[in-house]
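The tour below goes stop by stop, with something to select at each one.

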Amino acid sequence: MGERVEVPENTLRAYRFAIDNGFPVEFDLFLTRDGELVAVNDENLKAKTGIDKHPTQCNWKGELENVDIGAWKPGSWMGNWKNAGLRIARIDEILSLKSGDRREIFEEAAGISKYRHRKEETERK
(Lines give C-alpha, C1' and ligand atoms only; values in the text may rest on other atoms or scores of the structure.)
Protein backbone atom coordinates (compact mmCIF):
# COMPACT_ATOMS: atom_id res chain seq x y z
CA MET A 1 0.00 0.00 0.00
CA GLY A 2 2.17 2.78 -1.24
CA GLU A 3 -0.63 5.35 -1.28
CA ARG A 4 -0.25 8.30 1.07
CA VAL A 5 -3.46 8.19 3.04
CA GLU A 6 -4.65 9.01 6.53
CA VAL A 7 -4.02 5.48 7.75
CA PRO A 8 -0.53 4.19 8.64
CA GLU A 9 0.75 1.27 6.57
CA ASN A 10 1.22 -2.19 8.06
CA THR A 11 -1.86 -1.95 10.31
CA LEU A 12 -5.17 -3.80 10.23
CA ARG A 13 -6.91 -0.46 9.70
CA ALA A 14 -4.74 0.18 6.62
CA TYR A 15 -5.54 -3.20 5.06
CA ARG A 16 -9.27 -2.67 5.66
CA PHE A 17 -9.07 0.91 4.29
CA ALA A 18 -7.35 -0.34 1.14
CA ILE A 19 -9.99 -2.98 0.47
CA ASP A 20 -12.86 -0.56 1.15
CA ASN A 21 -11.40 2.06 -1.21
CA GLY A 22 -10.15 -0.16 -4.02
CA PHE A 23 -6.43 0.25 -3.33
CA PRO A 24 -4.09 -2.70 -3.81
CA VAL A 25 -2.98 -4.58 -0.71
CA GLU A 26 0.61 -5.69 -0.42
CA PHE A 27 2.56 -7.12 2.45
CA ASP A 28 5.40 -9.47 3.14
CA LEU A 29 5.44 -11.84 6.07
CA PHE A 30 8.40 -11.83 8.43
CA LEU A 31 9.07 -14.06 11.43
CA THR A 32 10.27 -12.06 14.42
CA ARG A 33 13.09 -13.37 16.61
CA ASP A 34 10.54 -14.63 19.14
CA GLY A 35 8.38 -16.41 16.56
CA GLU A 36 5.56 -13.97 15.71
CA LEU A 37 4.61 -13.63 12.05
CA VAL A 38 4.15 -9.95 11.17
CA ALA A 39 2.70 -8.45 7.99
CA VAL A 40 4.82 -5.54 6.81
CA ASN A 41 6.06 -4.28 3.48
CA ASP A 42 9.40 -2.84 4.51
CA GLU A 43 12.69 -4.60 5.09
CA ASN A 44 13.72 -1.87 7.51
CA LEU A 45 11.23 -0.60 10.06
CA LYS A 46 12.81 2.79 10.67
CA ALA A 47 10.57 4.88 8.40
CA LYS A 48 7.35 3.56 9.95
CA THR A 49 8.37 2.82 13.55
CA GLY A 50 11.65 4.54 14.33
CA ILE A 51 13.29 1.12 14.83
CA ASP A 52 16.32 0.81 12.55
CA LYS A 53 16.14 -2.98 12.09
CA HIS A 54 14.86 -5.66 9.74
CA PRO A 55 11.65 -7.23 11.13
CA THR A 56 13.45 -10.55 11.66
CA GLN A 57 15.91 -8.83 13.99
CA CYS A 58 13.13 -7.68 16.32
CA ASN A 59 11.20 -9.37 19.08
CA TRP A 60 7.44 -8.96 19.16
CA LYS A 61 7.27 -9.11 22.94
CA GLY A 62 8.65 -6.01 24.56
CA GLU A 63 9.65 -4.38 21.27
CA LEU A 64 7.29 -4.34 18.27
CA GLU A 65 4.13 -4.92 20.34
CA ASN A 66 4.78 -1.62 22.11
CA VAL A 67 5.32 0.52 19.01
CA ASP A 68 2.37 2.80 18.40
CA ILE A 69 2.76 2.97 14.63
CA GLY A 70 -0.15 5.41 14.43
CA ALA A 71 1.34 8.07 16.67
CA TRP A 72 5.07 7.50 16.89
CA LYS A 73 5.88 10.39 14.55
CA PRO A 74 3.79 13.34 15.79
CA GLY A 75 3.20 16.16 13.35
CA SER A 76 3.64 14.04 10.25
CA TRP A 77 0.89 12.72 8.03
CA MET A 78 1.29 9.36 9.76
CA GLY A 79 1.25 10.44 13.37
CA ASN A 80 -1.97 11.92 14.60
CA TRP A 81 -4.60 11.33 17.27
CA LYS A 82 -6.93 9.48 14.85
CA ASN A 83 -4.36 6.73 14.45
CA ALA A 84 -3.01 6.54 17.99
CA GLY A 85 -2.88 3.02 19.33
CA LEU A 86 -2.34 1.24 16.00
CA ARG A 87 0.26 -1.52 15.86
CA ILE A 88 1.99 -3.52 13.16
CA ALA A 89 -0.41 -6.26 12.10
CA ARG A 90 0.38 -9.85 13.04
CA ILE A 91 -0.79 -12.60 10.72
CA ASP A 92 -2.94 -14.13 13.46
CA GLU A 93 -4.83 -10.82 13.73
CA ILE A 94 -5.49 -10.81 9.99
CA LEU A 95 -6.60 -14.44 10.17
CA SER A 96 -9.02 -13.67 12.99
CA LEU A 97 -10.89 -11.01 11.01
CA LYS A 98 -14.37 -11.85 9.74
CA SER A 99 -14.02 -14.43 6.99
CA GLY A 100 -15.13 -12.04 4.23
CA ASP A 101 -12.65 -9.35 5.31
CA ARG A 102 -9.85 -11.88 5.69
CA ARG A 103 -10.54 -13.38 2.28
CA GLU A 104 -10.56 -9.96 0.59
CA ILE A 105 -7.20 -9.00 2.14
CA PHE A 106 -5.48 -12.23 1.11
CA GLU A 107 -7.03 -12.30 -2.36
CA GLU A 108 -5.96 -8.71 -2.96
CA ALA A 109 -2.45 -9.30 -1.59
CA ALA A 110 -2.06 -12.39 -3.79
CA GLY A 111 -3.41 -10.63 -6.88
CA ILE A 112 -6.39 -12.98 -7.14
CA SER A 113 -9.04 -10.27 -7.03
CA LYS A 114 -7.50 -8.51 -10.05
CA TYR A 115 -7.83 -11.67 -12.14
CA ARG A 116 -11.36 -12.37 -10.86
CA HIS A 117 -12.46 -8.89 -11.98
CA ARG A 118 -10.88 -9.42 -15.40
CA LYS A 119 -12.63 -12.77 -15.74
CA GLU A 120 -16.00 -11.23 -14.78
CA GLU A 121 -15.50 -8.43 -17.30
CA THR A 122 -14.63 -10.93 -20.03
CA GLU A 123 -17.67 -13.09 -19.23
CA ARG A 124 -19.99 -10.04 -19.43
CA LYS A 125 -18.80 -9.25 -22.96
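Two strands pair if DSSP finds at least two bridges between them. Helices (H or I, at least four residues) and strands (E, at least two) are DSSP runs, numbered from the N terminus.

This is a predicted model, in which local features need pLDDT of at least 70 and side-chain atom pairs count only at pLDDT 80 or more, while totals for chains, interfaces and linings use all residues. Residues are numbered from 1 along each chain as its sequence is written, and side-chain values use heavy atoms, with hydrogens and water left out.

**Whole chain**

Colour by secondary structure. The chain has 5 helices and 3 strands. Read from the N terminus, their order is α-β-β-α-β-α-α-α. Of the 125 residues, 39% are buried (buried means under 20% relative accessible area, exposed over 50%, partly exposed in between, with a 1.4 Å probe and protein chains only). Now show the surface. Contact means heavy atoms within 4.5 Å. Among contacts between residues at least 6 apart in sequence, 49% join residues at least 24 apart.

**The sheet**

Select the 3 strands. They form an open, antiparallel sheet in the order S1-S2-S3. S1 and S3 (89-90) are the edge strands; each has a single partner strand, so one side of each has no neighbour in the sheet. Strands of a sheet pair through backbone hydrogen bonds, either parallel or antiparallel.

Take S1 and S2 together. They pair over 4 antiparallel bridges. Asp-28 has Val-40 in S2 as its bridge partner. The two strands make a hairpin with 5 residues between them, and Gly-35 in the turn has a positive phi of about 90°.

Move on to S2 (residues 37-40) and S3. These antiparallel strands are joined by 2 bridges. Val-38 sits opposite Arg-90 in S3. Ala-39 faces Ala-89 in S3.

**A nonpolar patch**

Which leucines form a nonpolar patch on the surface? Select Leu-29, Leu-31 and Leu-37, which together have about 240 Å² of accessible area. Leu-29 belongs to S1 (residues 28-31). Its relative accessibility is 40%, so Leu-29 counts as partly exposed.

**Glu-9 and H1**

Go to Glu-9, in the segment before H1 (12-21). Is Glu-9 buried or exposed? Glu-9 is buried because its relative accessible area is 12%. Its side chain makes a polar contact of 3.4 Å with that of Asn-41 (a pair of N or O atoms within 3.5 Å; within protein, one must be able to donate a hydrogen and the other to accept it, and residues adjacent in sequence count only if both atoms are side-chain atoms).

Step into H1. Its buried residues include Ala-14, Tyr-15, Arg-16, Ala-18 and Ile-19. Just after H1, Gly-22 has a positive phi of about 75°.

**Glu-93**

Finish in H3 (residues 91-95), where Glu-93 lies. With a relative accessible area of 16%, Glu-93 is buried. A polar atom of its side chain is 2.8 Å from the backbone nitrogen of Arg-90. Leaving aside neighbours within four places in sequence, Glu-93 contacts Leu-12, Arg-87 and Ile-88.

Methods. Patch = residues over 30% accessible without salt bridge, like charges linked within 9 Å, V, L, I, M, F, W, Y side chains within 5 Å. Areas by Shrake-Rupley, 256 points an atom, 1.4 Å probe, with all protein chains shown as cover. Salt bridge = Lys/Arg side-chain N within 4 Å of Asp/Glu carboxyl O.
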